[in-house]
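The sequence and structure come first.

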Amino acid sequence: MSWVEHAIWWHIYPLGLCGAPIREPDTAPGPRLGRLLGWLDYAVELGCSGLLLGPIFTSQSHGYDSLDLFHIDPRLGDEADFAELVSQCRKRGLRILLDGVFSHVGAEHPDVHHALAQGPGSATGKLFDIDWQHPDAPTPRVFEEHSSLVRLNHSGQEAVDLVVRVMSHWLERGIDGWRLDAAYSVPPEFWSKVVEKVRPRHPDAWLLGEVLHGDYSAFVAESGIDSVTQYELWKAIWSSINDCNLFELDHALSRHNQFLGSFIPNTFVGNHDVTRIASRVGTDGTVTALAVLMTVAGIPSIYYGDEQAFVGIKEDRVGGDDAIRPALPDSPAELAPWGRPALRAHQELIGLRRRHPWLVNARTETLHLENQRIVYRSSAANGSTFLDMEIDLSCSPNATIRDATGRELWHQ
């Protein structure tokens with residue numbers, strides 16, 4: 001899948017970006033997915049080559065509580081609206097990755113009600129993880145104590161068959177792969193069974209698992225998926241800048257090198273589940289963090305709004321999830337002018353990355369290290385040629401990127 005090695009994703013949360021009501025019980029149907037069409041050229045101008053879309057299927061509220069994995073959420077539109085999005089992305093050379101929530105479904109999913117009514121011997125009864133110990137009061141097991149999220153029964157064939165059908169359904173409609181939400185909470189052998197059925201029909205599909213911590217390489221090997229989210233590096237990037245402790249970044253880069261022997265991770269400095277990078281380290285720190293992201297190995301993703309240095313706190317007392325999943329205006333022309341410097345820095349650094357595609361699997365070597373400064377070299381063998389660049393950054397924040405001859409490529 002050579003196309004993946006050139007991928008840089010613009011990660012968006014469609015319900016938020018398109019201005020759909022998320023928390024209100026009224027689903028307010030409408031073709032909001034069309035608003036995204038006005039942002040495709042912006043994604044291209046940013047330098048991205050694909051859209052990593054958050055949940056777009058019918059759900060109870062925020063998208064991760066699905067009610068129907070085969071239909072587009074009415075708050076976004078319908079299958080025709082999605083087909084138009086695929087078509088417009090293809091015209092621009094943009095790939096599409098969908099968010100597959102296969103750990104759990106919404107508690108109001110019709111099949112959950114059927115399972116509870118029909119009992120453990122029914123097809124739907126076998127689909128979900130339900131405690132049938134007390135026949136008069138069966139209790140669905142839930143995802144991480146969220147009563148609105150009912151777990152699938154990942155030890156049964158019914159769940160495997162469902163996920164295979166869903167993944168194949170949308171791959172056949174033009175998408176290029178899947179982000180597997182909460183993959184860490186599902187046994188790797190479940191994913192292996194799914195991949196075994198999906199891969200022969202869609203050999204070019206990229207399968208990315210959301211894994212927070214643990215043995216990344218073992219998870220990839222046992223599950224058969226292609227990659228996982230590199231949360232270790234995410235944490236080290238913002239934390240080392242925030243705390244002026246670049247030893248933390250050095251340690252994470254060493255670990256990152258080890259993973260590359262097994263797979264190429266998905267790298268990022270922001271997503272829909274974490275505090276905004278600009279909220280952590282400010283605008284200048286955001287650019288420094290991006291300089292790291294774009295000069296180390298991986299398949300990078302940029303979370304929408306980070307390229308404008310948006311601020312949005314994750315903690316509930318300040319705004320919760322909705323603060324980091326905002327609506328965007330109808331067109332990029334309506335963005336506030338104060339975001340332009342951050343946007344320009346993103347375009348420059350993403351452009352640098354695209355001009356040096358060998359960085360996708362480059363190894364890093366630390367040349368100088370102290371609390372507030374690190375100099376590392378990213379390098380890769382290209383046939384008989386050895387390619388490298390040197391990155392000098394501090395928690396000031398400040399960063400300079402040079403090529404192997406010492407020529408300055410970029411400076412913050």
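## Cysteines

Cys-395 is buried, with a relative accessible area of 10%; buried means under 20% relative accessible area, exposed over 50%, and partly exposed in between (1.4 Å probe, protein chains only). Cys-395 forms a disulfide with Cys-244, and their sulfur atoms lie 2.2 Å apart. A disulfide here is a pair of cysteine sulfur atoms within 2.5 Å. Cys-244 sits in the loop between α10 (231–243) and α11 (246–259), and Cys-395 in the loop between β18 (385–394) and β19 (398–403), 151 residues apart. Helices (H or I, at least four residues) and strands (E, at least two) are DSSP runs, numbered from the N terminus. Cys-244 is partly exposed, at 26% relative accessibility.

A search of the whole structure finds one disulfide. The sulfur of Cys-18 is 12 Å from the closest cysteine sulfur, in Cys-89, too far for a bond.

## Two packed helices

Helix α7 (residues 157–171) packs against helix α8 (residues 188–198) at an angle of about 45 degrees, and their axes are 9 Å apart. Axes are lines fitted to C-alpha atoms, for helices over the stretch in contact, and angles run from 0 to 180 degrees between N-to-C directions.

## Basis of the model

This is a predicted model, in which local features need pLDDT of at least 70 and side-chain atom pairs count only at pLDDT 80 or more, while totals for chains, interfaces and linings use all residues. Residues are numbered from 1 along each chain as its sequence is written, and side-chain values use heavy atoms, leaving out hydrogens and water.
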